[in-house]
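Open the model in your viewer and keep the selection tool ready. The stops below go from charged pairs to a sheet and its helices.

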Amino acid sequence: MSVPSLPQSRHLATEIPGPGSVRMAGRRAAAVARGVASTLPVYAARAAGGIVEDVDGNRLIDLGSGIAVTTVGNAAPRVVDGVRQQVGEFTHTCFMVTPYEGYVAVAEALNRLTPGRFEKRSVLLNSGAEALENAVKIARSYTRKSAVVAFDHGYHGRTNLTMALTAKSMPYKSGFGPFAPDVYRAPTSYPYRDGLIDKELGSDGERAAERTIGVLENQIGAHNLAALVIEPIQGEGGFIVPAPGFLPAVLAWCRDNDVVFIADEVQTGFARTGAMFACEHEGPDGLVPDLICTAKGIGGGLPLSAVTGRAEIMDAPQVSGLGGTFGGNPVACAAALGALATVEADDLVGRARQIERVVFERLGRLQADDDRIGDVRGRGAMIAVELVRPGSTEPDPALTKALATACHQAGVIVLTCGTFGNVLRLLPPLTISDDLLTEGLDVLAGELAKL
């Protein structure tokens, strides 16, 4: 791996936020819509490896990766080189007008890397939400059915259809309806919370799937259902890893009932979980979805997304039924090819597994000494801590918010999530050093001890 140009060390030159960030906040308040929120009150000036430097010269340890986007590190050399070359050649022609090799090359790479050894096709788009929208369109076109089911705690985006797919109301849906029709919701497998009701339900994925399938059959009907949309590991919902056997059982039901199984790997894709895709963790041979939606980590920081899947399903829509002005932008495609090359050449799948061992070992010790940590879960470099009130399993969103704020002020970027707002999530870039990762975890532990 190349050595990042930015010093890979935490450094606080000022309080958080510093005077430069305070001035920027004043400009922002007069120019940016109030509905756009930011997790930290600092304004970035540079970023590389596992560090983000703000306009005041503070260097923060990055355990967020821009919400799982800079998986290969910020300003990764292969990404930067590819973007520079492409910008010098052309920035846009629109693939639907005069196509270009970069789009085709990214599609070829996705067809090769995604689960399933069958003929595939891909379409490139701009965002995760746009990928989900198009996956549903494709499934409806293929099945000639209209109903779609998503899951409790799921998050799929902020467009009209993806808001309907998303479970959590505040802040994502409240006041923005009405939403797209013929979208239904079913229970998922949430081992920690399910286990509080029934230990067997929390550990037996097949039993949890029986509960789900009952809802699908009795409240929706397989003959109406075009597609099932699910995150193999739920992201915004709380980094929920389903109990073993849950996803394979649901997939088998889809196969038996001609329902398209859509895997939302927007946050989990491209080595993040210690496999190229989270589906690969499910069972000895992995889980093979019909369609897989990707974004975030695909572009090394540039906006790009995709739907990849079985050729006969992907080719169902009429010619010109898919596309968009900026989908598969040539600069974003160049960035994606650089990011994918980095994932493979630098064995970032293996690196994610190393990060998992470091984080679980540290957080496991922390959990043993603090009953406010109800659960530690996740895979690879996608690990979460669910915080609860002392001596109970009641969610503690206030503690979660306070801990995140304390970490930010100490120079460590962490994120929160969860249906109940009580989950702290860690998404470090896979290029972060062990020393920097350990320091970030030490800061987290130290700040929790103070609260």
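How many salt bridges does a search of the whole structure find? The search finds 22, a salt bridge being a side-chain nitrogen of Lys or Arg within 4 Å of a carboxyl oxygen of Asp or Glu. This is a predicted model: local features need pLDDT of at least 70, side-chain atom pairs count only at pLDDT 80 or more, and totals for chains, interfaces and linings use all residues. Residues are numbered from 1 along each chain as its sequence is written, and side-chain values use heavy atoms, with hydrogens and water left out.

Select Glu 344 and Arg 112. Their closest N and O atoms are 3.0 Å apart in a salt bridge. Glu 344 sits in helix α12 (residues 330-345) and Arg 112 in helix α4 (residues 101-113), 232 residues apart. Helices are DSSP runs of H or I with at least four residues, and strands are runs of E with at least two.

Next, select Asp 375 and Arg 377. The closest N and O atoms of this salt bridge are 2.8 Å apart. Both residues are buried, meaning under 20% relative accessible area with a 1.4 Å probe, protein chains only.

Now show the strands. An open, antiparallel sheet has 4 strands in the order β11-β12-β15-β14, where pairing requires at least two DSSP bridges between two strands. Its edge strands are β11 (373-379) and β14 (415-417). Between β11 and β12 (residues 382-387) there are 6 bridges. Select Arg 379 to find Met 382 of β12 opposite.

How values were computed:
Buried means under 20% relative accessible area, exposed over 50%, partly exposed in between (1.4 Å probe, protein chains only).
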